[in-house]
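I opened my notebook to jot down what I looked up here.

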Amino acid sequence: MFTFVLIAIGFLIVINGVENGVDSANEYLSTSMGGSMDTESFLVLKKGYILSNFIFGGILLLVGLSFFSMYLYKFLKEMDVGDE
């Protein structure tokens with residue numbers, strides 16, 4: 001069950017990474033910078049937020065898939081031993 005939750009959360013974060021990154025950059029701009037910032041800095045900030053979402057979602061997805069693969073391997077190995 002835990003692996004499916006990790007996989008689902010990681011997948012959703014990766015799928016929505018661009019939208020969430022842009023929203024986070026806009027929120028940072030409005031709260032911390034008072035609503036004004038030069039365009040280059042904002043684009044770098046936005047790319048950083050998007051990249052961090054992709055990395056975080058990818059890590060969760062990879063960990064979830066790794067755990068699922070290990071459990072599946074263990075299950076199939078036990079099934080194979082039981083047949084003998």
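Entry 1, the surface. Before I looked for patches I needed the rule: a patch is made of residues with over 30% relative accessible area and no salt bridge, and nonpolar side chains are joined within 5 Å. I also keep in mind that this is a predicted model. With that rule I found a nonpolar patch on the surface formed by Phe 4, Phe 68, Leu 72, Phe 75, Leu 76 and Met 79. Together these residues have about 580 Å² of accessible area. Which helix gives the most to the nonpolar patch? I noted helix 3, with 5 residues. Phe 4, also a patch member, is found in helix 1.

I searched for aromatic pairs and the count came to 1. The partners are Phe 4 and Phe 68, with 5.6 Å from centre to centre and 50° between the planes, so I wrote the pair down as tilted. The pair links distant parts of the chain: Phe 4 sits in helix 1 (residues 2-15) and Phe 68 in helix 3 (residues 39-83), 64 residues apart.

I moved to another residue in helix 1, Thr 3. Is Thr 3 buried or exposed? I have Thr 3 down as buried, with a relative accessible area of 5%. Leaving out residues up to four places away in sequence, Thr 3 touches Gly 64, Phe 67, Phe 68 and Tyr 71. So Phe 68 turns up again, as a residue that Thr 3 touches.

I noted 17% relative accessibility for Asn 53, so it counts as buried, the cut-off being under 20%. What does the side chain of Asn 53 reach? I found the backbone oxygen of Gly 17 at 3.3 Å. Gly 17 is also among the residues that Asn 53 touches, along with Ile 13, Asn 20 and Gly 21, not counting residues up to four places away in sequence.

Met 70 has a relative accessible area of 48%, so I put it down as partly exposed. I also looked up Met 70 against Ile 9: they are 61 residues apart in sequence and 19 Å apart in space, C-alpha to C-alpha.

Terms used: Residues are numbered from 1 along each chain as its sequence is written. This is a predicted model: local features need pLDDT of at least 70, side-chain atom pairs count only at pLDDT 80 or more; totals for chains, interfaces and linings use all residues. Side-chain values use heavy atoms; hydrogens and water are left out. Rings of Phe, Tyr and Trp (its six-membered ring) pair if their centres lie within 6.5 Å; planes under 30 degrees apart count as stacked, over 60 as edge-to-face and the rest as tilted. Helices (H or I, at least four residues) and strands (E, at least two) are DSSP runs, numbered from the N terminus. Buried means under 20% relative accessible area, exposed over 50%, partly exposed in between (1.4 Å probe, protein chains only). A polar contact is a pair of N or O atoms within 3.5 Å; within protein, one must be able to donate a hydrogen and the other to accept it, and residues adjacent in sequence count only if both atoms are side-chain atoms. Contact means heavy atoms within 4.5 Å. Patches are made of residues with over 30% relative accessible area and no salt bridge: like charges are joined within 9 Å, nonpolar side chains (Val, Leu, Ile, Met, Phe, Trp, Tyr) within 5 Å. Accessible areas come from the Shrake-Rupley method with a 1.4 Å probe; for residues, only the protein chains shown count as cover. A salt bridge is a side-chain nitrogen of Lys or Arg within 4 Å of a carboxyl oxygen of Asp or Glu.
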